[in-house]
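Please look through the structure below with attention to its ligand sites. Two of them are described in turn.

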Amino acid sequence: MRLYTKSGDKGQTSVIGGRLDKDDIRVEAYGTIDELNSFVGKAICELDQKMFKDIIDDLEKIQHELFDCGSELSNIKKEREHKLTEEPITYMENKIDDFIEEAPALERFILPGGSDAASTIHICRTVARRAERMIVTLMKTEEGVSPIPLKYVNRLSDYFFAVARVINARLEIPDVEYIRSAKVFRGSNKKKKEE
Amino acid sequence: MRLYTKSGDKGQTSVIGGRLDKDDIRVEAYGTIDELNSFVGKAICELDQKMFKDIIDDLEKIQHELFDCGSELSNIKKEREHKLTEEPITYMENKIDDFIEEAPALERFILPGGSDAASTIHICRTVARRAERMIVTLMKTEEGVSPIPLKYVNRLSDYFFAVARVINARLEIPDVEYIRSAKVFRGSNKKKKEE
Amino acid sequence: MRLYTKSGDKGQTSVIGGRLDKDDIRVEAYGTIDELNSFVGKAICELDQKMFKDIIDDLEKIQHELFDCGSELSNIKKEREHKLTEEPITYMENKIDDFIEEAPALERFILPGGSDAASTIHICRTVARRAERMIVTLMKTEEGVSPIPLKYVNRLSDYFFAVARVINARLEIPDVEYIRSAKVFRGSNKKKKEE
Ligand code: B12
Ligand code: B12
Ligand code: B12
Ligand SMILES: C[C@H]1O[C@@H](n2cnc3c(N)ncnc32)[C@H](O)[C@@H]1O
Ligand SMILES: C[C@H]1O[C@@H](n2cnc3c(N)ncnc32)[C@H](O)[C@@H]1O
Ligand SMILES: C[C@H]1O[C@@H](n2cnc3c(N)ncnc32)[C@H](O)[C@@H]1O
Ligand SMILES: [Mg+2]
Ligand SMILES: [Mg+2]
Ligand SMILES: [Mg+2]
């Protein structure tokens, strides 16, 4: 196989159903999803396979979903297949609720960091948000973009926040609060815990 | 607590004092500060706690300051609190001068890398500069943005350069010079060292 | 030496042959090359020096070339030196062909990840593609930009893909296929292998 086709040496590239400039906002959007996917791959390598089996499985599921997301965004055909459904979003919402229970209650912003893997997950969180901003620009520019990818990456960044906290909690590394933070998180889970 | 509010699923989000599109240059700016903060968290994890206590303390100080910076940038109220002052800038300037003394003298560009932590600090350096470019766009677009965040991230990227060199110096890993570099750094610290 | 010159505190900066706004697309382009270079530095640290000597040598060669690339992009003089030639592109093409032979045959997309170093190389791959998008915008905006940097980073991202696969192959970590992938890679190397 010859991997390199040289067909992109002049600045244009192929998408599903046509060709676009490489700096088209659509290419920016799924290119950033690809970047995010690479950071998720890194995070998986940094997690202990026993202690974090559930999370590793989730993250690999997410890697496949990020490809589904990229497939939708790289498709400019009139009839597009919708590979990305609501299922993974609901799945993440349930997981987030569980993780918020598992980690210590939270009222103020925390410094991103703690352990190697949690730091990388915080990087994933912020790169997901960068991708989200590009999808928003794409949707303002182009018609016919499915609303699911935007919803998906929005929830994904909250999932990453919750998972980063759980990783540090299991490793018994306390998250450090931002010292000049107000109480920004509404509705503490303290009461629920007492029930 | 329910972490996800779903209120951003349509592409708008809340800032201090209002709501904006997620791809607003203001959101880009503090979103990139958040990304930078995550890389700083990563760098801290990679530093030996004994050999680099001074640097770890600095980096954690910086993490708090990056939140101060984000607070300013995410505020669109008429009367804005100024959390970020000149103090951390002066602090970094003194540290840079010390670090330049501690590391070997420098005339040519060096390859970013060497040790794990120094590499991550070089990533911090370049992500800080990415954030800086966005703050410049924001200031050209919007009125009333404080000049301090721009000055702060500008100095911060020089701080990261100086600190990356010191990390490698303490680990006795020599920085590799860019082979086709001219003498780009003006005013060697050689003389000063002889004094 | 005083590292910080404060001359950029107002948002402008010097390039070879003049001054530009820091958010000029030209500065974006070589700033992203600098970011990429930092991730390459990180990847080098994560590779075993014996098992991957050939690859480490390549990556250090690439770090110098990324500076050559940055030199060209940061030059706005009428007469510009051309530090970056076709040689490194041909060099990478030969290496890619060899690496494609060394790694298992490929028909479908793979999840970026596997080992620490391969993950970081996938990050390099996607950051190279981000830089590529900016160079495309620069070339659409400005006249007189050499066509070599674009061609170079295009091939570089394919080089990174090939090298990530070889790293995992040598470590005997199988790449995971994207489960809902069609057969996207054309011309399997199976036949060639049988010859
Ligand atoms: C989108 C895309 C990407 C996206 C991935 C998609 C995503 N979901 O995020 C991103 C940006 C991540 C990507 C990355 C890469 N890509 Co790409 N990518 C494409 C692109 C544009 C579309 C591929 C695709 O998903 N097609 C959709 C499939 C489903 O459609 P299809 O092939 O037409 O299949 C349909 C039917 O034919 C049928 N079908 C297909 N197969 C079969 C089989 C059977 C038996 C049946 C019955 C039906 C059937 O099913 C589908 C129905 O929907 C192609 C170019 C192109 N236009 O094809 C390049 C392409 C596949 N990529 C290519 C390359 C080189 C890469 C990278 C290595 C680049 C790099 N250096 O980073 C990486 C590899 C990433 C990885 N991890 O493996 C090359 C491969 C060259 C080659 N030698 O074959 C291509 C061909 C582009 C090119 N240069 O010409 N890519
Ligand atoms: C800016 C912002 C961010 C910035 C952080 C700020 C920065 N400095 O860089 C960034 C982008 C990093 C961020 C990230 C996140 N954020 Co945020 N963020 C906000 C935002 C817009 C403002 C928060 C803020 O700083 N307010 C300023 C404070 C100081 O103002 P205030 O609360 O009005 O407080 C004033 C007074 O009330 C008084 N006060 C406050 N508390 C108290 C207490 C007492 C006793 C007294 C006397 C006075 C007092 O003091 C202040 C005077 O200035 C809020 C939404 C909003 N509009 O509030 C969301 C918000 C807090 N974020 C939210 C979330 C979910 C997150 C993330 C998890 C998102 C993600 N997936 O990444 C992360 C978490 C980051 C972390 N590391 O912890 C949610 C929380 C939802 C919830 N369940 O409560 C909010 C509410 C947004 C939403 N979805 O509605 N965020
Ligand atoms: C482009 C550039 C970069 C690029 C690097 C270039 C690339 N290839 O990608 C990037 C963005 C990566 C960069 C990064 C940094 N840079 Co810079 N950079 C520059 C810039 C604009 C040009 C440097 C250059 O390559 N000049 C081209 C050379 C070849 O030209 P020249 O010096 O005129 O040399 C010519 C002749 O004079 C002759 N020549 C030169 N030396 C000699 C010697 C002899 C004996 C002879 C005969 C001839 C000769 O040969 C050349 C002919 O082409 C300068 C500012 C400026 N305008 O000079 C800042 C500058 C060198 N950078 C600076 C700084 C601080 C940095 C960073 C530390 C910033 C940061 N915080 O990240 C990093 C360090 C990076 C590293 N890894 O070492 C400062 C240095 C300040 C100081 N104290 O000296 C400068 C001066 C900018 C400033 N603030 O004023 N930089
Ligand atoms: C928690 C806070 O983060 C900000 N926010 C919401 N979405 C994004 C994004 N994609 N990128 C950066 N910042 C974002 C909003 O200001 C929100 O209130
Ligand atoms: C050292 C050189 O780096 C460039 N430079 C200065 N600020 C930035 C930034 N935010 N991003 C990228 N490059 C920058 C200028 O060209 C300067 O001269
Ligand atoms: C493999 C696929 O990747 C996409 N592609 C090509 N170049 C880039 C880039 N610089 N950034 C993001 N995506 C790109 C095209 O859609 C190509 O077909
Ligand atoms: Mg959100
Ligand atoms: Mg500067
Ligand atoms: Mg390409």
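Which residues surround ligand 6? They are Thr13(A), Ser14(A), Lys22(A), Val27(A), Tyr30(A), Gly31(A), Arg129(C), Glu132(C) and Arg133(C), where a residue is near a molecule if one of its heavy atoms lies within 4 Å of it. The model is predicted, with pLDDT of at least 70 needed for local features and 80 or more for side-chain atom pairs, while totals for chains, interfaces and linings use all residues. Residues are numbered from 1 along each chain as written, chains are lettered from A and ligands numbered from 1 in the order written, and side-chain values use heavy atoms, without hydrogens or water.

Because the residues around ligand 6 come from chains A and C, the site is shared between chains. Chain A contributes at least two shell residues from each of β1 (12-15) and α1 (25-45), as does α4 (116-141) of chain C; helices (H or I, at least four residues) and strands (E, at least two) are DSSP runs numbered from the N terminus.

On the chain A side, a polar backbone atom of Ser14(A) is 2.6 Å from an oxygen atom of the ligand.

Ligand 3 lies between chains B and C. Its surroundings comprise 26 residues, the closest being Ile110(B), Arg125(B), Asp158(B), Arg186(B) and Phe67(C). A polar side-chain atom of Asp158(B) is 2.8 Å from a nitrogen atom of ligand 3. From chain C, a backbone N or O atom of Phe67(C) lies 2.6 Å from a nitrogen atom of ligand 3.

Key: A polar contact is a pair of N or O atoms within 3.5 Å; within protein, one must be able to donate a hydrogen and the other to accept it, and residues adjacent in sequence count only if both atoms are side-chain atoms.
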